[in-house]
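This report goes through selected local features of one protein model.

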Amino acid sequence: MPKNSKVTQREHSSEHVTESVADLLAHQEPVDYKRSVLNVTGEAWDKQKEGDEELDAENRPAWNSKLQYILAQIGYSVGLGNVWRFPYLCQKNGGGAYLVPYLVLLIIIGLPLFFLELAVGQRIRRGSIGVWNYICPRLGGIGYASCLVCFFVGLYYNVIIGWSIFYFFKSFQYPLPWSECPIVKNGSVAVVETECERSSATTYFWYRETLDISNSISESGGLNWKMTLCLLVAWSLVGLAMIKGIQSSGKVMYFSSLFPYLVLVCFLVRGLLLRGAVDGIMHMFTPKLDKMLDPQVWREAATQVFFALGLGFGGVIAFSSYNKQDNNCHFDATLVSFINFFTSVLATLVVFAVLGFKANIMNEKCVVENAEKILGYLNTNVLSHDLIPPHVNFSHLTAKDYNEMYRVIMTVKEGHFKELGLDACLLEDELNKSVQGTGLAFIAFTEAMTHFPASPFWSVMFFLMLINLGLGSMIGTMSGITTPIIDTFKVRKEVFTVGCCIFAFVVGLIFVQRSGNYFVTMFDDYSATLPLTVVVILENIAVAWIYGTKKFMQELTEMLGFRPYQFYYYTWKYVSPICMAVLMTASIIQLGVSPPGYSAWIREEAAEKFLFYPTWAMAILISLIILASLPLPLVFILRQFHLVSDGSNALSVTYKKGRMMKDISNLEDNDETRFILSKVPSETPSPMPTHRSYLGPGSNSPMEMSSAPNGRYGSGYLLASTPESEL
């Protein structure tokens with residue numbers, strides 16, 4: 001018993017003491033409160049409901065093993081962004097120099113916030129809605145906002161899995177269908193498809209055969225039936241994995257989490273054996289140090305850290321909620337964060353090895369085409385044979401010989417050089433042609449694979465890897481929706497999951513129109529960035545400033561068995577909120593400075609063209625941001641003005657299997673003690689309050705408990721394996 005409690009005062013003083021309700025309850029035998037005359041809440045006792053709550057707390061699913069859980073978190077955090085976006089940002093922002101700001105921001109933003117989400121999920125053992133209702137009811141909108149963002153992201157993310165499924169089945173052919181341009185008949189003459197000839201075979205296959213894309217977002221063009229079927233397959237796979245629950249999805253993770261690493265290592269070994277691969281890797285690690293001083297580089301690095309770990313989506317909280325209370329989540333946070341980082345580096349090595357090979361192929365093609373032009377000029381006497389160095393052999397022309405010849409011609413024909421239409425054919429120029437997003441996987445990689453020996457095998461492996469990466473992230477994203485909804489509203493898991501997948505498939509048909517790729521770009525750029533930033537800032541504030549960093553650190557000490565480093569205290573309280581606020585401000589400024597737009601594929605020009613979104617598309621874009629953020633102010637207003645009950649100001653007693661937990665959340669500060677009575681230490685329920693009301697940063701932790709008279713309980717008591725909250 002705390003030294004300043006009134007029971008202790010009575011033992012050492014003859015002075016009259018007015019006992020609080022908490023003091024009286026401390027000496028009572030366990031009673032069934034809801035059936036007693038002390039029931040002041042007016043709530044009717046429901047035996048069935050009480051039994052359901054008890055079973056829910058006792059029978060919550062759990063991971064079969066620690067390895068299964070780690071693989072699930074890795075599968076969720078390591079996704080398509082590691083293969084697509086990180087290599088592009090690395091190339092764009094200074095190569096090896098980009099790794100420095102990324103690693104710094106991973107340590108001061110990513111790791112602390114990832115640890116925070118793991119800790120609250122494991123501690124409270126609820127989804128995102130229950131967790132934030134528990135910690136700060138007025139900020140309960142955080143959980144609902146996370147669910148909405150997960151839904152938006154899941155809508156378009158599964159479309160990308162559908163594209164990968166299409167390419168996967170198309171890979172079982174030799175030669176690969178995107179290796180050559182199709183031949184069409186123009187009357188009695190067979191000619192190469194014009195759109196393909198003006199672009200490339202892989203580009204044509206992506207835009208015309210796969211997407212059959214329209215010229216702008218305003219031209220719907222109807223549904224693409226091939227992509228519709230692939231989207232149906234993708235949602236079926238996700239639905240089956242979710243229905244079986246974490247035990248089966250955890251088993252799936254053994255394959256889906258480890259297989260991509262096998263493929264990446266195989267690709268790296270194969271890539272390093274390709275001619276020109278070293279050129280690509282050297283290009284990656286050649287640092288452009290001036291880029292490190294560019295604020296834009298740091299902003300993009302912070303955004304990548306933010307999305308790489310899946311912060312704010314609720315999937316991290318959902319997965320950790322199935323852990324045991326004494327699990328070392330600090331170790332998990334550190335391990336998963338750095339595995340994510342090294343996976344990004346591994347994928348970048350693979351990408352740059354392949355791009356180095358592709359750049360050499362394209363450079364050789366450039367040399368051959370321009371050498372033919374020079375031979376034509378020599379035969380028509382436009383150029384003199386004296387301009388050609390004597391050692392140059394046109395039948396075995398190297399890039400070095402061509403560059404030497406190019407410089408001589410440019411010097412002699414300075415006044416008329418542009419009329420010749422010759423290209424420099426520099427390898428550096430090819431390496432600097434950055435390809436991002438879908439273009440990297442479905443254009444650059446597919447083109448490189450056409451030059452691989454046994455190309456169908458490598459194509460099958462690559463797209464199977466993309467499917468696995470996507471499914472791992474989708475399972476986590478869907479858990480961010482299903483876990484909090486099922487926990488909060490007690491709906492049947494199978495029915496809700498099937499309904500959610502069917503609804504998402506129907507809404508997702510917008511992405512499989514001929515203009516669907518433009519909607520994928522819109523959702524990817526704007527549906528999550530700003531709302532998620534706000535969500536994570538509020539998560540940080542709720543724990544560090546409202547619940548109290550000292551109190552949270554103390555409870556982590558009880559849960560983990562050791563005190564986390566003071567580094568986390570300062571990052572949670574000061575560093576992370578400030579950095580996230582700067583990131584949010586920079587994102588808003590960029591949104592205002594750069595009008596939103598997209599790259600449209602113009603069929604007649606066989607080229608991409610940047611277009612601004614029309615007015616109706618801008619309305620959708622703004623609505624996405626508002627809708628995802630709406631639960632935050634809405635829930636705050638409803639609970640601030642007591643329009644709905646948050647359950648934080650009620651006297652509740654829960655009697656479960658011989659133990660009773662009493663919560664007096666509406667008493668004065670020095671009366672706010674939670675009394676936990678149990679038959680055996682292993683049954684001691686979680687000491688966090690069942691209905692968490694704000695006690696203030698300076699309040700004593702509800703975990704401050706003294707030894708019981710029988711000496712069986714102390715301040716270092718064991719923690720329960722199930723939460724005792726009533727959300």
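## Basis

The model is predicted, and local features are described here where pLDDT is at least 70. Residue numbers start from 1 and follow the sequence as written.

## Disulfides

Two disulfides are present in the structure. With the bonded cysteines of the protein numbered in sequence order, they pair as 1-2, 3-4.

One of the disulfides links Cys181 to Cys196, with 1.9 Å between the sulfur atoms. Its S-S torsion is about -80°, so the bond between Cys181 and Cys196 is left-handed.

Cys366 and Cys425 form another disulfide, and their sulfur atoms are 1.9 Å apart. The torsion about the S-S bond of Cys366 and Cys425 is about -80°, so this disulfide is left-handed. Helix H17 (residues 329–379) holds Cys366, and the loop between helix H19 (417–420) and helix H20 (427–431) holds Cys425, so the pair ties together parts that are 59 residues apart in sequence. Cys366 is buried, with a relative accessibility of 12%. Cys425 is buried as well, with a relative accessible area of 6%.

## Hairpin E1–E2

Strand E1 (residues 183–186) and strand E2 (residues 189–192) run antiparallel and are joined by four bridges. Within this pairing, Lys185 of E1 faces Ala190 in E2. The two strands make a hairpin with two residues between them. Gly187, in the turn, has a positive phi of about 75°.

## Backbone exceptions

Most residues other than glycine have a negative phi, and most peptide bonds are trans.

The loop between strand E3 (597–602) and strand E4 (607–612) contains Ala606. Ala606 is buried, its relative accessible area being 6%.

## Buried positions

Helix H24 (residues 516–526) is mostly covered, with eight of its eleven residues buried. The buried residues of H24 are Gly516, Asn517, Tyr518, Phe519, Val520, Met522, Phe523 and Tyr526. Among the elements that cover them are H9, helix H25 (529–560), helix H26 (566–593), E3 and helix H27 (615–629).

Thr446 is in helix H21. Is Thr446 buried or exposed? Its relative accessible area is 0%, and Thr446 is buried. With neighbours within four places in sequence left aside, Thr446 is in contact with Tyr167, Trp178, Thr202, Ala441 and Phe463.

Cys136 is buried, with a relative accessible area of 9%. For Cys90, which is also buried, the value is 0%.

## Contact of H6 with H17

The axes of helix H6 (residues 85–92) and H17 come within 9 Å and cross at roughly 70°. Angles of 65 to 115 degrees count as roughly perpendicular, and H6 and H17 are therefore roughly perpendicular to each other.

On the H6 side, the contact is made by Phe86, Pro87, Cys90 and Gln91. On the H17 side, Ser344, Val345, Ala347, Thr348, Val351 and Phe352 take part. The residues of this contact divide into seven nonpolar, three polar and no charged. Cys90 is therefore a buried residue, at 0% relative accessible area, that takes part in the contact with H17. H17 also carries Cys366, which forms a disulfide with Cys425.

Notes: This is a predicted model: local features need pLDDT of at least 70, side-chain atom pairs count only at pLDDT 80 or more; totals for chains, interfaces and linings use all residues. Side-chain values use heavy atoms; hydrogens and water are left out. Two strands pair if DSSP finds at least two bridges between them. A disulfide is a pair of cysteine sulfur atoms within 2.5 Å. Buried means under 20% relative accessible area, exposed over 50%, partly exposed in between (1.4 Å probe, protein chains only). Contact means heavy atoms within 4.5 Å. Axes are lines fitted to C-alpha atoms, for helices over the stretch in contact, and angles run from 0 to 180 degrees between N-to-C directions. Angles under 35 degrees count as roughly parallel, over 145 as roughly antiparallel, 65 to 115 as roughly perpendicular and the rest as oblique. Ala, Val, Leu, Ile, Met, Phe, Trp, Tyr, Cys and Pro count as nonpolar, Asp, Glu, Lys and Arg as charged, and the others, Gly among them, as polar.
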